[in-house]
Amino acid sequence: MTPTFLIKTSDWQINHALRIALGDFYGNIVPFQAGLLDAAVPCVNAGLWYDNPWTRDAAINTWNAAGMIVPEAARNTLLSALNPDTEGRLMIRGQYWDKIIWTTGAWRLYLSTADRDFLELAFDASRNTLAQLETDVFDVDYGLFRGEACFHDGISAYPDRFVRYMVESHKHRLEEQACCNDPDVYVPDEGCPIGSDIPYFTLSTNSLYFNAYRVLEHMAGALDRPIDPEWTRKAEVLRRRINDAFWNEECGHYRYLVDTDGGDERQDALGNAFAVLFGVADPAKTARLMESQPTTPQGVPCIWPTFDRFKAAGEHEYGTHSGTVWPMVQGFWCQAAAVAGRVELAKAEIDAWTANIRRDNQCEEMYHPETGVSYGGFNDTVEGGIHPHGSGSRQTWSATGYLGVFLHAFVGMRFDGEEIRCEQCLPEGLDWIEVTGLWHRGRFMNLRVEK
């Protein structure tokens, strides 16, 4: 399939940044073999720094843009994250807490391609994996799924009280930087046995589980399979439980995490965005979130504020996963702002983001929240201190996140069965947007929206 996709707007500076983002995206399509792939075929890699797609990156990149630009490569990428288990059941591979995000990416690909064979695999893998996670990480007492926040696999995303467990569990390793990749990093005195999972609950991850139940219903309907009424019931129970546990009515925002110590009132911009986009938040909560979400001169930070331990490195230093601006997160926040009718908030993100892309001539993994320079922040080390971390260059989900803002926030693309609706939401300063070469269900499409 010849790459013909292009987005153009009435703003030449944005057009420059869009071309750079497309270049980074296409440059990260490389041969890869894993999962259900029998040979190395084109897949959407996570970025220039990475040798593989990663499960969550595969889902997010497909969701934002890849499924409509390079559907075959997007399909390959998603299939690379599937494996049969020891009993032959098809399962999603990845970091246990947020690998269910694959289901959302898979459904978005189907909406673009109508690939029923892929959907059969996606439905089985999603249903099997969700059932397994219900057994392994669902906490009956809390009514929530345990696990880290989506994409926050560094301990720099978590309160000080968890750091000592991470350090203790990694003393035998030679790793320079502590990470939450393993399920056995915490000790039994927090209520969970070693080897199960961590003893807290996060907004973004539980929002993904809520959406997974809904997606299963859609998949079953598209395949003419019976829809299990338990999916509907569990989704609604989980939605209510998320709002009961995480919503802070006095402050008008969701808590970042909940645990036996009372949780953490920091805000997770990705969790807030997911709550809006998936319908966890009702219109009243959505309106308050738009006002309460913290921002910085360079855009919404991933988690705010950063944890005090990182200030030991300097007054203007931040954790890798707390305080920094991740463009991927900006992209979803922009989409949520547009859904909420606050397109001016999305435009503010795009203005700073565009300037950073044009300055660097590439899409960085993360930025300093005050200066906008490439900045990886600080992460915790196994020795108990902190250490500077790098930022990946030509990061794919930063590129697709930027493209996705124009497709989903400003053009307002909405999928309704076989049709695409455009709920145009052009911000001040953009008079028109043209999209050419958009792949949808076997044909290329061109779109134009204007004021």
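Which backbone oxygen does the side chain of asparagine 128 reach? The oxygen belongs to leucine 90, and the distance is 3.0 Å. A polar contact here is a pair of N or O atoms within 3.5 Å; within protein, one must be able to donate a hydrogen and the other to accept it, and residues adjacent in sequence count only if both atoms are side-chain atoms.

Before going on, a word on the model: this is a predicted one, where local features need pLDDT of at least 70 and side-chain atom pairs count only at pLDDT 80 or more, while totals for chains, interfaces and linings use all residues. Residues are numbered from 1 along each chain as its sequence is written, and side-chain values use heavy atoms, with hydrogens and water left out.

**The chain as a whole**

The protein chain has 13 helices and 19 strands; these are DSSP runs numbered from the N terminus, with helices being H or I of at least four residues and strands E of at least two. Along the principal axes, the C-alpha atoms fill a box of roughly 60 × 50 × 45 Å.

Of the 451 residues, 61% are buried (buried means under 20% relative accessible area, exposed over 50%, partly exposed in between, with a 1.4 Å probe and protein chains only). Take the contacts between residues at least 6 apart in sequence: 68% of them join residues at least 24 apart. Contact means heavy atoms within 4.5 Å.

**Back to asparagine 128**

Asparagine 128 sits in helix α5, residues 116-137. Setting aside residues up to four places away in sequence, asparagine 128 touches Arg89, Leu90 and Met91.

Beyond four places in sequence, threonine 202 contacts Gly147, Glu148, Ala149, Phe246, Tyr256 and Leu257. A polar atom of its side chain lies 3.3 Å from the backbone oxygen of glycine 147, and the side chain of threonine 202 also makes a polar contact with that of threonine 205, at 3.4 Å.

Tryptophan 304 and proline 305 are joined by a cis peptide bond, with omega about -5°. Proline 305 is in the loop between β13 (303-304) and α11 (327-339).

Two residues other than glycine have a positive phi. Alanine 114 is in the loop between α4 (101-113) and α5, and asparagine 361 is in the loop between α12 (343-360) and β14 (378-380). Here are their values:

| Residue | Phi | Relative accessible area |
|---|---|---|
| Alanine 114 | about 60° | 32%, partly exposed |
| Asparagine 361 | near 60° | 45%, partly exposed |
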